[in-house]
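Hi,

Here is the structure I promised to pass on.

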Amino acid sequence: MASNRRKRWEAALTATCFTEQQFPPAQGLEVALAGRSNVGKSTFINGLIKKPLARVSGTPGKTRSVNFYRVNLGKGFTLVDLPGFGFASRSRSERTSWAKLIEEFIARRESLALLIHLVDFRHGFLENDRILQEWATGHGVPVQVVFTKIDKVPKGRWTPLLKKYSVPPASSVTEPFLVSMEKGWGVEEFILFLESYLEDAGSLQCGNDRPRGG
Ligand SMILES: Nc1nc2c(ncn2[C@@H]2O[C@H](COP(=O)(O)OP(=O)(O)O)[C@@H](O)[C@H]2O)c(=O)[nH]1
Ligand SMILES: [Mg+2]
């Protein structure tokens, strides 16, 4: 319970998959991260696990695999790094295959307790972000929005921008988080949120209930 909080997460990469067939058997709860290429997903994962396990790239669209990071915290859970989407210069067939991989994961992964949707605070929700939100809500997967790179936006713009982005169909289990990995803002708050979310989802799981509804 509370004693687990603030403990450093021990994490290790356990699988790198390019097809659904390669996905490892689900073990406990899973939390997936998704967002457009270059949104800062790898940097955010490294910030959560406090280790540079995920590759941060200067070249957008590099990560095409689904990476599974096992985190030892309480009963343990898995962070799942979904491929970045929306990288226009990739071929159409490649874009279709990432879309399929992400949608299949969201639709079929029974252990998926939460989808963390990373959105660049400068740009807000773009077309692919809306599609991702539709998949998640359509399959009953809870979504938490995290706005990244807030250091690139003057503080005076934060409240008006948040208001502008808070329109349907954007959904989020709690208020969106504002983070900057450059400045280290918002990460600890997010970790506290995730730990408490997983604690609730885990106690649901004990009763043999699925972590999510349908
Ligand atoms: N200014 C700023 N840059 C960031 C932040 N997070 C990530 N970046 C940079 O954005 C680029 C893409 O980051 P990466 O984590 O590889 O994005 P991914 O493609 O979503 O995994 C890198 O140059 C990062 O250093 C942030 O909060 N603020
Ligand atoms: Mg990445």
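**Around the ligand**

Ligand 1 has 19 residues around it, and Gly40, Lys41, Ser42, Thr43 and Glu182 come nearest (a residue counts as near if its C-beta atom, placed from the backbone, lies within 6 Å of the molecule). Before you go further: this is a predicted model, where local features need pLDDT of at least 70 and side-chain atom pairs count only at pLDDT 80 or more, while totals for chains, interfaces and linings use all residues. Residues are numbered from 1 along each chain as its sequence is written, and chains are lettered from A and ligands numbered from 1 in the order in which they are written.

By class, the shell around ligand 1 holds three nonpolar, 11 polar and five charged residues (Ala, Val, Leu, Ile, Met, Phe, Trp, Tyr, Cys and Pro count as nonpolar, Asp, Glu, Lys and Arg as charged, and the others, Gly among them, as polar). Helix 1 (residues 41-49) gives the most to that shell, with three residues. Helices (H or I, at least four residues) and strands (E, at least two) are DSSP runs, numbered from the N terminus.

Helix 1 is also largely enclosed by the rest of the structure, because seven of its nine residues are buried: Lys41, Ser42, Phe44, Ile45, Gly47, Leu48 and Ile49. Buried means that 20 or more other C-beta atoms, placed from the backbone, lie within 10 Å of the residue's own. Just after helix 1, Lys50 takes a positive phi of about 55°.

**Sheet and core**

The chain has five helices and seven strands, running β-β-α-β-β-α-β-α-β-α-β-α from the N terminus. An open sheet of seven strands has the order 1-3-4-2-5-6-7, with mixed pairing (strands pair if DSSP finds at least two bridges between them).

Which residues have the most contacts inside the largest nonpolar core? They are Val31, Ala32, Leu33 and Leu115, in a core of 47 residues. Such a core is a set of buried Ala, Val, Leu, Ile, Met, Phe, Trp, Tyr and Cys residues joined through C-beta atoms within 7 Å. Strand 5 gives the most to this core, with seven residues.

Cheers

Notes: Buried ≥ 20, exposed ≤ 12 C-beta atoms within 10 Å, placed from the backbone.
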